[in-house]
Amino acid sequence: MKRMLINATQSEEVRIALVDGQKLYDLDVETPHHQKKKANIYKGTITRIEPSLEAAFVDYGAERHGFLPFKEIAEEYYPDNKGNGRLSIKDILKEGQEVIVQVQKEERGNKGAALTTQITLAGPYVVMMPNNPKAGGISRRIEGEDRSETRDALQDLNMPEGMGLIIRTAGVGKSTEELQWGVNYLVQLWEAIQKASKEKSAPFLIHQESDIVILAIRDYLRQDIGEIIIDDMETFHKARDFVQHVMPHQVYKVKPYQDTIPLFTRFQVESQIETAYTREVTLPSGGAIVIDITEALTSIDINSSRSTKGGDIEETAYHTNLEAACEIARQLRLRDIGGLVVIDFIDMHSNRHQRDVENKMREAVKSDRARVQIGKISRFGLLEMSRQRLRPSIEESTQMVCPRCNGVGVIRGVQSLALSILRLLEEEAMKENTRRVTVQLPVDVATFLLNEKRHQIINIEDRHNLHVLIVPNEHLDTPDYLMERTRSGDELSTDSSYKIKEFIDKETQQKQDLPTIAKEEPAIKNMQPSSPPPAPKTEAKPGLFVRLWKTLFATEEPEKEEEPQKTGNKGRNNRNNNNRNRNNRNRNNRRRSSSENDDNADKNESRKENKRSENKASDKPSESRENPRRRRPRNTQSDNKPDAKETKSTKASSNKTEDTTRQSKASTNDESTTADTANKPAKKEQGNDRPRRRSRYNTRSYNSRRRKPEGAENMSIHSLPEQPKATDTQNKEGQSSGNDNTTESAENKA
């Protein structure tokens, strides 16, 4: 079960962890000295306009002025007479003009905050843009049937003119009344913002985004979150009141934690949080990933280390990269890393393995709230991706620059630093009117110079006629040093050399450099919706007796459905048996007629042979309709025995009449088709409701492969060669047998 754990026992740091069972998959940390300003709404003043940057700088109350690009200016600030030409930022904004702005990106380093005049108000189910009517739609994460249902609900909402609306993922499955309640609350909030902006002059804070606890509940509370456990009672009551106002049907999930064991220790989260602060993270198979954050991008390197999971080097690299892809996506969420990320995977020669690693990476970032774009693995084994920066990273909010290396990560060695200082001493000594050079060095560096490089120092003093004073200072660490040059006219201190050293505390200096953040008070406080949210619609569950009835009698329905299929099979089998009996009867009639007319036996036998071939061709569709696994052999063995002699005698004549047979087949097919259409209404009158099953021989693909005989356009019954006249009895019997065969083939086709 997924849980939201909120640790607020320490006022200096509030931590929110999202766990699935005992696995940590998201983390958010807020400290009081790093006050977040993102999504806050201010009233500011335009201080400077830079046409070269197509931007303006806005004083909104912070130390650094905000940066307002031209593309982030709302249409309400455009002049009424736009004209046909292209507008510049000077045509829209003027220095000293007051505007309502919202912080889009936090301050980072020397960069000021990025501002926008296109205000965005986020609610639990919807996001409203009150001065951007062109924007709006549905969240990209909503797909399939949920997207179509949400689109229908969006069309039923009552929206004021000139406003845009986006349905969040939390709005999936919500009724129109619930979504309309969220829209009404945001409209009420926007009206309060506009009213407050007219009461006071700039710069001041109009609306402040909620604290981290309320934001986390608003953004992360979904149906899959089973519990919200809070270890501080004050925070618990605040969170419970918010859920009671916004989502009362989920208020039962908010629970206090009052055990003596720390909350994060109980769920074994503390050790997982520590991995977010380390440079190297170990993988389960023994491999490791190394994360380095630079000014331009974040580089991640993957090492196999002790990983011996695969049978060969390719398989080991493949499995290690798959593990690293999942862990990298998790670490990006835990550390809140944004911007460009370059991953150096272990080299894989198989293209299929590379595609699998890319797909694994895409699957791992699907649960990330931030927008992630992933490229492909290049021929150098690098994968480039970018992640949306939602909030400042853990490094920016909880870490400080190393006072010794100044964030570089490495320092110079003792010997290298000593030789560098020796060269600097030479440069200072070469300057005119130099009387003395005083150097305060770390103890190790001073010891190296006074012993190993004493001869070089004496040579410098003799050549330039000055005094070099080296003072070991235990308060200095490599690579720090202090160098002072004294001119000829300056007075020299009379104190002893050990009293010259200075005491420098860098940590105290950095603490003094931190600006004192004054807590801002927004003009709009404790904005509550005017009406309580509507109760969610829940489908009524069937009662006990209804469920028992369905359980007991649900098995009868499939049996009823199988009965018409069985009767249909019986009717089909009976029809096939009737066809076989009719074929046998026709054969007997033909044998009887052949015995009466011995003179024309050869000619009649060839005609019978043609009719037999036609009967076989007409019987094929009925055979194909049967189940091939349950096909029964026809009992025609006894009937065919007397015909064996006739077949031998007519073998020679059948070769002569081969062309005649082809023509007769074409004519018989036409007759059978006519008979088939004639028999259809008769079958409907009989009341046979059996659904017609389409034979695989009647499909378009099969018919497209059938070839017509040569000269089929000019072929007809009248084009057949004339047959010698027979007796009247013979003609009548031949006609009756032909009609029977035609009817027989039509029934088989049906």
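Tutor: The account below begins with the basis of the model, turns to the annotated residues, and ends with the whole protein.

This is a predicted model, in which local features need pLDDT of at least 70, side-chain atom pairs count only at pLDDT 80 or more, and totals for chains, interfaces and linings use all residues. Residues are numbered from 1 along each chain as its sequence is written, and side-chain values use heavy atoms, with hydrogens and water left out.

An unreviewed UniProt entry assigns the feature "binding site" to D301 and D344. Although these two residues are spread over 44 residues of sequence, they cluster in space, with a largest C-alpha distance of 5.0 Å. UniProt positions are given in the numbering used here, feature names are shortened, and annotations may be inferred rather than shown by experiment.

D301 lies in strand β18, residues 298-303, and D344 lies in strand β19, residues 339-344. Strands here are DSSP runs of E with at least two residues, helices are runs of H or I with at least four residues, and both are numbered from the N terminus. Contact means heavy atoms within 4.5 Å. Leaving aside residues up to four places away in sequence, D301 touches A288, I289, V290 and D344. With the same exclusion, D344 touches I300, D301, I302, G381 and L382.

D301 counts as partly exposed because its relative accessibility is 29%. D344 is also partly exposed, because its value is 31%.

The "binding site" feature is also placed by UniProt, again from an unreviewed entry, at C402 and C405. C402 is in the loop between α10 (394-398) and α11 (414-430), and C405 is found in the loop between α10 and α11 as well. Their accessibility classes can be stated in turn. C402 is partly exposed because its relative accessibility is 34%. C405 is buried, because its relative accessible area is 14%. Beyond residues up to four places away in sequence, C405 touches V410 and I411.

As for the whole protein, it has 23 helices and 24 strands. Buried residues make up 39% of its 750 residues. Of the contacts with a separation of 6 or more, 69% are between residues 24 or more positions apart.

How values were computed
Buried means under 20% relative accessible area, exposed over 50%, partly exposed in between (1.4 Å probe, protein chains only).
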